[in-house]
Amino acid sequence: MPNITYPTPAGALPGYLATPTVEGPWPGVVVIQDVRGMTADLRRISDRLASAGYLALAPDLYGRGFKPKCMIATIRAHFADTGNAYDDITGARNHLLADSRCNGRIGLMGFCMGAGFVLQLSPQGLFDVAAAHYGLAPKNIDALVRSCPVVASYGAKDRIVKQGSASALDSVLAKGSVDRDIKEYPHVGHSFMNRSGIPAPFTIVETLAGFAYSEPEAEDAWQRTFAFFHKHLAQPSDGPGVSEQERANDAPAD
């Protein structure tokens, strides 16, 4: 069943686990929600990753207790760079690594708020690759010189993520010689890869707010993400529970 629970330091958390139909073992991907939470869109994204051969786990970050309280705590964690949400995401990573069907490599993907979490976690040596789509940069952006490889997508008409974010991210990753694929699409705004699922008469509100889904740019971003993930996740790891960054950190100095 795709609906699961997994352990975290703050208690069990629900999640959505999408499983490939092709023969494993498979790389794992933790998929981090946008501010809307566990939506049909988040499940669709997880299913698409599974259809491409990834064991995809989307934690329900609002799923432990009273939803409004969980939402406030998660949003605060996003901006404060600390909180249970980070343990919940790390717990999802550990759950995938403990799955015998996983090849030992784990990616991280997020959108909007989720992409902000991705950029916070990508320098911590936990993930082999990260995909951050229209996310706010962390307060300490210079920490990203130690990031795992990053693929990221932005819209030039984004009214939430400030202009220049794509070039700023590319610049700091370049300082650390981090493998990257950063692209800003000139004709779209925020959330251009996400489908809201709201009735058609109300989509005009989204469009006016700059939140419209745009298939050409979304599909290009997906193909870039898949190519980047394949590059960094296809080969099995040297051992279970050890990311590429962790192996580099443990390597003896010359």
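In this predicted model, the helix that gives the largest share of the lining of the second largest pocket is α2, with five residues. Both α2, which spans residues 67–80, and α3, which spans residues 84–98, each supply at least two residues of that lining.

Two packed helices are described by the angle between their axes and the distance between the axes. For α2 and α4, the angle is about 45° and the axes lie 9 Å apart, which means that α2 is oblique to α4, and the crossing of α2 and α4 is left-handed. On the side of α2 the contact is made by Thr 74, Ile 75, Ala 77 and His 78, and on the side of α4 by Met 113, Gly 116 and Phe 117. The residues of this contact between α2 and α4 comprise four nonpolar and three polar, with no charged residue.

How is α3 placed against α4, and at what angle do they pack? Helix α4 covers residues 113–121, and α3 packs with α4 at an angle of about 80°, with their axes 11 Å apart; an angle from 65 to 115 degrees counts as roughly perpendicular, so α3 is roughly perpendicular to α4. Here Ala 85, Tyr 86, Ile 89 and Thr 90 of α3 meet Phe 117, Gln 120 and Leu 121 of α4, and this contact holds five nonpolar and two polar residues but no charged ones.

Another packed pair is formed by helix α1, residues 40–51, and helix α7, residues 215–233, whose axes are 12 Å apart at an angle of about 45°. That angle makes α1 oblique to α7, and the crossing of α1 and α7 is right-handed. From α1 the contact draws on Ile 45, Arg 48 and Leu 49, and from α7 on Glu 219, Trp 222, Gln 223, Phe 226 and Phe 229. By class, this contact of α1 with α7 has five nonpolar residues, one polar residue and two charged residues.

Finally, two details of the backbone deserve a look. Most residues other than glycine have a negative phi, and most peptide bonds are trans. Gly 24 and Pro 25, however, are joined by a cis peptide bond, with omega about 5°, and Pro 25 is found in the loop between β2 (13–18) and β3 (26–32). Tyr 134, a residue other than glycine, has a positive phi, near 45°, and Tyr 134 lies in the loop that runs between β6 (129–133) and β7 (150–155).

Methods:
Residues numbered from 1 in each chain as written. Predicted model: local features only at pLDDT ≥ 70, side-chain atom pairs only at ≥ 80, totals over all residues. Heavy atoms only, no water. Axes fitted to C-alpha atoms, helices over the stretch in contact; angles between N-to-C directions. Helix = DSSP H or I, 4+ residues; strand = E, 2+ residues; numbered from the N terminus. Parallel < 35°, antiparallel > 145°, perpendicular 65-115°, else oblique. Left-handed = near helix turned anticlockwise from the far one by under 90°. Contact = heavy atoms within 4.5 Å. Nonpolar A, V, L, I, M, F, W, Y, C, P; charged D, E, K, R; others polar.
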